[in-house]
Amino acid sequence: MVLVSVFLEILRKPTIGDVLKELMIFIAPLWIAVIVGVLVGWAWKPKWANIGREMMIDCSVSKDSTPSSSDSSSTSFNLISSLNSIKFLLPSCISWIADDEAQSDPFSLPPTVDSNCSSSQIPKGKTSFVTNEDLEHFVNLVEEKDGGPAWIHMMDCSTPTMFYQAWQRDLEAGPTEYRSRTVFEDTTPEMVRDFFWDDEFRPKWDNMLVSAATMEECPTTGTMVVHWVRKFPFFCSDREYVFGRRIWESGRAYYCVTKGVPYGSVPRKNKPRRVDLYYSSWLIRAVESRKGDGQLTACEVLLFHHEDMGIPWKIAKVGVRQGMWGTVKKIDPGLRAYQKERTSGNTLSHCAFMAQINSKISADYLRSFESKSHESSELETHNSSEKPSGKNIPKLLVVGGAIALACSFDRGLLTKAVIFGVARRFANIGKRL
């Protein structure tokens with residue numbers, strides 16, 4: 001009653017200005033109390049308050065994140081771009097480093113990284129984690145014969161020793177797919193292949209890798225099952241990957257396929273969050289140098305990558321566009337450091353040794369994939385051209401019958417309109433069938 005009487009007293013003021021002034025004075029303390037309550041509640045919120053938020057985007061604050069990474073303190077969109085997808089835009093590591101002012105020693109090994117390449121062998125007779133069907137799919141991607149939508153160009157960038165191009169495309173369902181072409185000067189396909197496979201050296205240039213361990217390996221095909229944990233910015237929990245990888249060799253071209261695989265030996269946990277949908281494959285081959293001397297002294301990397309990390313895809317696209325080049329251009333110094341380490345005579349790591357165990361394939365075998373893809377596309381075109389005719393015949397019969405029936409009635413326009421309406425409805429039903 002006191003509030004009502006005060007409110008009525010305000011309304012009795014002689015002018016509208018006085019009424020508004022008194023209302024502002026009356027309401028302001030209430031709004032201040034609401035704002036303070038929201039801020040206090042947000043600061044002291046219990047753990048269960050995050051459940052709904054994690055179900056939507058799974059980007060709650062990670063208790064395990066540390067202030068050691070200076071990259072976590074840049075702008076919000078570039079932090080979102082730490083999507084773990086662009087350091088894979090040169091193989092197996094798309095992760096966003098948002099701040100172009102990198103750490104003073106980018107090749108120092110983080111003390112928290114446990115890079116372990118020891119593993120058990122994949123038992124004989126067990127189904128391979130990465131098969132020839134995966135190779136066929138990858139070859140169709142390289143030749144742009146996979147039947148997907150057209151690629152949309154994103155950027156062309158370069159440094160004195162590296163040239164980079166990127167494309168993207170959106171499917172009807174699933175995350176955005178990315179395609180890139182990178183040319184490294186003065187290196188070999190074998191060096192680049194080992195560089196991207198070497199999990200022991202990777203922490204020296206990929207500061208978002210928390211741990212890497214090889215779970216299983218096949219000494220015959222070189223197939224590996226690898227477990228990674230990757231660090232994300234402070235507002236997102238870390239991500240966990242279990243993926244199979246394998247390399248096929250044709251001449252001096254290397255088809256490296258990496259994809260997420262189900263693996264029961266690594267139990268699923270709440271944190272870090274498991275990334276199930278993961279695909280990152282690249283073709284490495286020698287190409288002519290941009291110097292124009294006609295020599296095959298450069299190396300081309302064609303990468304195809306997509307993954308679903310639980311971040312909304314539209315936000316992820318913005319992050320990719322904002323942070324792509326800033327991340328990719330830091331891979332080249334890592335490659336040059338790897339070259340120096342290898343030429344200095346250091347012992348080859350076990351992971352790099354596994355990269356040299358490849359499945360040999362011929363050019364004719366690769367061409368068989370292309371011919372198979374051509375036949376399937378022709379079959380789809382043939383079937384699609386036949387479908388409309390099969391549907392139009394009953395539609396023609398229905399409409400023709402309606403015309404004959406309407407002409408046989410002399411009941412005015414209303415009767416004919418009803419007949420044509422019913423016939424059109426039946427024709428549409430037949431078309432949907």
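Throughout these legends, buried means under 20% relative accessible area, exposed over 50%, and partly exposed in between, with a 1.4 Å probe and protein chains only. The model is predicted: local features need pLDDT of at least 70, side-chain atom pairs count only at pLDDT 80 or more, and totals for chains, interfaces and linings use all residues. Residues are numbered from 1 along each chain as its sequence is written, and side-chain values use heavy atoms, with hydrogens and water left out.

**View 1. Salt bridge between Asp276 and Arg268.** A salt bridge is a side-chain nitrogen of Lys or Arg within 4 Å of a carboxyl oxygen of Asp or Glu. For Asp276 and Arg268 the N to O distance is 3.1 Å. Asp276 has 48% relative accessibility and so counts as partly exposed; Arg268, at 52%, counts as exposed. Elsewhere, salt bridges that share partners join Asp199, Arg202, Asp206, Arg230 and Arg245 into one network. The structure holds 22 salt bridges.

**View 2. Salt bridges of Glu177 with Arg169 and of Arg342 with Asp194.** The closest N and O atoms of Glu177 and Arg169 are 2.9 Å apart, and both residues are buried. In the pair of Arg342 and Asp194, the closest N and O atoms are 3.1 Å apart. This second pair links distant parts of the chain, with Arg342 in helix 8 (residues 331-343) and Asp194 in helix 6 (residues 189-197), 148 residues apart. Helices (H or I, at least four residues) and strands (E, at least two) are DSSP runs, numbered from the N terminus. Arg342 is partly exposed at 25% relative accessibility, whereas Asp194 is buried at 1%.

View 3. Two strands pair if DSSP finds at least two bridges between them. Strand 7 (residues 224-230) runs antiparallel to strand 8 and is joined to strand 8 by seven bridges; Val225 stands opposite Gly244. Strand 9 (residues 253-260) is also antiparallel to strand 8, over eight bridges, and Arg246 has Val257 as its bridge partner there. In the hairpin of strands 8 and 9, with two residues between the strands, Gly251 takes a positive phi near 70°. Parallel pairing, over two bridges, is found with strand 10 (residues 273-274), where Arg274 faces Glu240. Strand 13 (residues 359-360) likewise pairs in the parallel sense over two bridges, with Ser359 as the bridge partner of Trp248.

**View 4. Aromatic pair of Tyr241 and Tyr278.** Rings of Phe, Tyr and Trp (its six-membered ring) pair if their centres lie within 6.5 Å; planes under 30 degrees apart count as stacked, over 60 as edge-to-face and the rest as tilted. By this rule there are 17 aromatic pairs. The ring centres of Tyr241 and Tyr278 are 5.3 Å apart and the planes at 70°, so the pair is edge-to-face. Tyr241 belongs to strand 8 and Tyr278 to strand 11 (residues 278-287), so the contact ties together parts 37 residues apart in sequence. Tyr241 is buried at 1% relative accessible area, and Tyr278 is buried at 3% relative accessibility.
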